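The sequence and structure are shown first, and the description follows.

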Amino acid sequence: MLDTKVAKLINEQINKELYSAYLYLDFSIYYEEQGLDGFSNWYMIQAQEERDHAMLMLKYLQQNGVRATLDAVAKPDKVLGGLMDPLKFGFEHEQYVTSLINDIYAAAYDVRDFRTMQFLDWFVKEQLEEEKSADDMIKKMELFGNDSKGLYSLDAEYATRVYTAPSLTL
Ligand code: FEO
């Protein structure tokens, strides 16, 4: 049996991951509207990854005999007023998600729930990658985004991103 607090936090994380998917879908829509199909593609795939994260959390609860309860997903509330905005909001959001994963990890550690800690190890590593790629996008935009050729090249680079299923399976 999972500890009640650990189970509650994982259940809440399902909602947070679905919100992340919603947020990145909103970013994808914004960039598509701006004519940047590559940036739009990047965030569309990111939204798919976030949904995968939610599914992994859900499956983990089910494997442990816990019934997940789904709550309303909040509306994306970021006001996007420029091309840099989604990138900066995305980086801040990933830092926040890292703190949430760390909170679940700490709760699992407190009750010696080594199984959940092992499950979360994948997410800890994933957050490192997600923060790094968000930070890299900001840096590249600062370096190349003010020049139309640079922006075109960045957009072409992000257009090549393809979806891959998560390496963690349950
Ligand atoms: Fe599911 Fe971007 O963290």
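## Salt bridges, helix packing and aromatic pairs

Arg161 has a relative accessibility of 18% and therefore counts as buried, the limit for that class being under 20%. The model is predicted. The side chain of Arg161 forms a salt bridge with that of Glu49, with an N to O distance of 3.1 Å. This pair joins distant parts of the chain, since Glu49 belongs to helix H2 (residues 37-63) and Arg161 to the segment after helix H5 (148-159), 112 residues apart. Glu49 is likewise buried, with a relative accessible area of 14%.

In the whole structure, 5 salt bridges are found. Three of them, including the pair just described, are listed below.

| Salt bridge | N to O distance |
|---|---|
| Glu12 and Lys8 | 2.8 Å |
| Glu49 and Arg161 | 3.1 Å |
| Asp136 and Lys132 | 2.8 Å |

Glu12 and Lys8 are 4 residues apart in helix H1 (residues 4-33), which means that about one helical turn separates them. Glu12 is partly exposed, at 35% relative accessibility. In helix H4 (residues 114-144), Asp136 and Lys132 are also 4 residues apart, so about one helical turn lies between them. Asp136 counts as partly exposed, with a relative accessibility of 28%.

The packing of H2 and H5 brings their axes to 7 Å apart, at an angle of about 35°. The crossing of H2 with H5 is left-handed. On the H2 side, the contact involves Asp37, Gly38, Phe39, Asn41 and Trp42; on the H5 side, it involves Leu151, Leu154, Asp155, Tyr158 and Ala159. Of the residues in this contact, 6 are nonpolar, 2 polar and 2 charged.

Aromatic pairs number 11 in the structure. In one of them, the ring centres of Tyr24 and Tyr43 are 5.6 Å apart and the planes stand at 35°, so the pair is tilted. Because Tyr24 lies in helix H1 and Tyr43 in helix H2, this pair ties together parts that are 19 residues apart in sequence. Tyr24 is buried at 2% relative accessibility, and Tyr43 is buried at 3%.

Phe39 and Tyr158 form an edge-to-face pair, because their ring centres are 4.9 Å apart and their planes are at 80°. With Phe39 in helix H2 and Tyr158 in helix H5, the pair ties together parts that are 119 residues apart in sequence. Phe39 is buried, at 0% relative accessibility, as is Tyr158, with a relative accessible area of 4%.

How values were computed:
Residues are numbered from 1 along each chain as its sequence is written. This is a predicted model: local features need pLDDT of at least 70, side-chain atom pairs count only at pLDDT 80 or more; totals for chains, interfaces and linings use all residues. Side-chain values use heavy atoms; hydrogens and water are left out. A salt bridge is a side-chain nitrogen of Lys or Arg within 4 Å of a carboxyl oxygen of Asp or Glu. Helices (H or I, at least four residues) and strands (E, at least two) are DSSP runs, numbered from the N terminus. Buried means under 20% relative accessible area, exposed over 50%, partly exposed in between (1.4 Å probe, protein chains only). Axes are lines fitted to C-alpha atoms, for helices over the stretch in contact, and angles run from 0 to 180 degrees between N-to-C directions. A crossing is left-handed if the near helix is turned anticlockwise from the far one by less than a right angle, and right-handed if clockwise. Contact means heavy atoms within 4.5 Å. Ala, Val, Leu, Ile, Met, Phe, Trp, Tyr, Cys and Pro count as nonpolar, Asp, Glu, Lys and Arg as charged, and the others, Gly among them, as polar. Rings of Phe, Tyr and Trp (its six-membered ring) pair if their centres lie within 6.5 Å; planes under 30 degrees apart count as stacked, over 60 as edge-to-face and the rest as tilted.
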